[in-house]
Amino acid sequence: MSYHDDDDLDRALAALPLEEPPAGLHARIMTATVHRPAPLVRGWEIWLVGTLLALAAWLTWTLVAAPHAVDRALVLFTGVLESAADGSGTTLVWLAIGVSSAWWLSQLSIPRTARRDVRVR
Amino acid sequence: MGAALAVEPPLAAPVVDDQALIAATLAGRPEAFGELVTRYERAVYNLAVRTLRDRTEAEDAAQEAFLKAYRALGSFRPGAKFSTWIFTICYRGCCDRLAKRKRLSGEELPDRADTAAGPELLAVRNDDAARLRAAIDALPEKYRAVITLYHLQGKQYEDIATVLNLPLGTVKTHLFRAKEQLRKVLSA
């Protein structure tokens, strides 16, 4: 075939058959895309857990490394226990009132019409 | 028995345009993306083969291009051509591979013709298509890319310019010179 002018070459290029891709290419692409199993953990979740772990490790290290850290923690713990024991009667009553109020509030159901009114308004 | 149970495809399936297939893929229908792959895998593979001149690497590049396209499908601009987009992704991936190859071995200088497929080799090949392919392979990389896209996309110079990230005038100049070199090699 002669390729002396532009049209000859254009015709030859247009007639040039495309090479067949390897037989498994379609399956490979589909496996890598739509059939790829979803990752168990997302990237940002790994970052979040990693950051929290690093923070926890840093806090633990700071507490442990501080002078007399164990003694201080013990003093704090006993202080909390003592203060709880001191105001036991009144504290327990208020605690009971608070818990029961929360429970009753959680059991309340707002009627459908009332809810719709609120939304419209 | 098993073959009889297989679901047969509809005889006259309606031709769905690329935009609809993209929308269907984004809506969670994987078979729509499969149809896009079927439509373009051959062209993408050929672009990669011509650019990289290595079939194994071209297969990886084609797969990578579709994977990148799939991940970025949500950002695909409505109204744009999927073919131009996937060719752009593929061509950039191939350029990265060529740059890496060049870094590692000093191979593939952008403006140098490939001596492996010179006139001696071309003379041996009697088949016209094979001769033309070999002549394209012998072109410098920038001419090879433009002639390959011209082959794949026809005379859509704007699309070729988009894929290659070149001005329209440069594309036309490259194409003119590529054809000139091809004619010279093929007439030798």
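**Exercise 1.** In this predicted model, find which residues of H2(A) and H3(B) meet, and work out how the two helices are arranged.

*Solution.* Start with the contacts. From H2(A), take Leu25(A), His26(A), Ile29(A) and Met30(A); their partners in H3(B) are Gly34(B), Val37(B), Thr38(B), Glu41(B) and Tyr45(B). Sorting this contact by class gives 5 nonpolar, 3 polar and 1 charged residues.

Next, look at the geometry. Two packed helices are described by the angle between their axes and the distance between the axes. Here H2(A), residues 25-32, packs on H3(B) at about 125°, and the axes are 10 Å apart. The crossing is right-handed.

**Exercise 2.** Now widen the view: how many residues of chain B are in contact with chain A, and which helix of chain B gives the most?

*Solution.* Count both sides: 27 residues of chain B touch 20 residues of chain A. On the chain B side, H3, H4, H7, H8 and H10 each supply at least two residues. H3(B) gives the most, with 11 residues. By class, that side of chain B has 15 nonpolar, 6 polar and 6 charged residues.

**Exercise 3.** Is H8(B) mostly covered or uncovered, and what do its buried residues pack against?

*Solution.* Of the 13 residues in H8(B), 11 are buried, so to speak mostly covered. Among them are Tyr143(B), Arg144(B), Ile147(B) and Leu152(B). Their packing partners are H1 of chain A and, within chain B, H3, H5, H7, H9 and H10. Finally, step just past H8(B): Gly154(B) has a positive phi of about 75°.

Notes
Residues numbered from 1 in each chain as written. Chains lettered and ligands numbered in written order. Predicted model: local features only at pLDDT ≥ 70, side-chain atom pairs only at ≥ 80, totals over all residues. Contact = placed C-beta atoms within 7 Å. Helix = DSSP H or I, 4+ residues; strand = E, 2+ residues; numbered from the N terminus. Nonpolar A, V, L, I, M, F, W, Y, C, P; charged D, E, K, R; others polar. Axes fitted to C-alpha atoms, helices over the stretch in contact; angles between N-to-C directions. Left-handed = near helix turned anticlockwise from the far one by under 90°. Buried ≥ 20, exposed ≤ 12 C-beta atoms within 10 Å, placed from the backbone.
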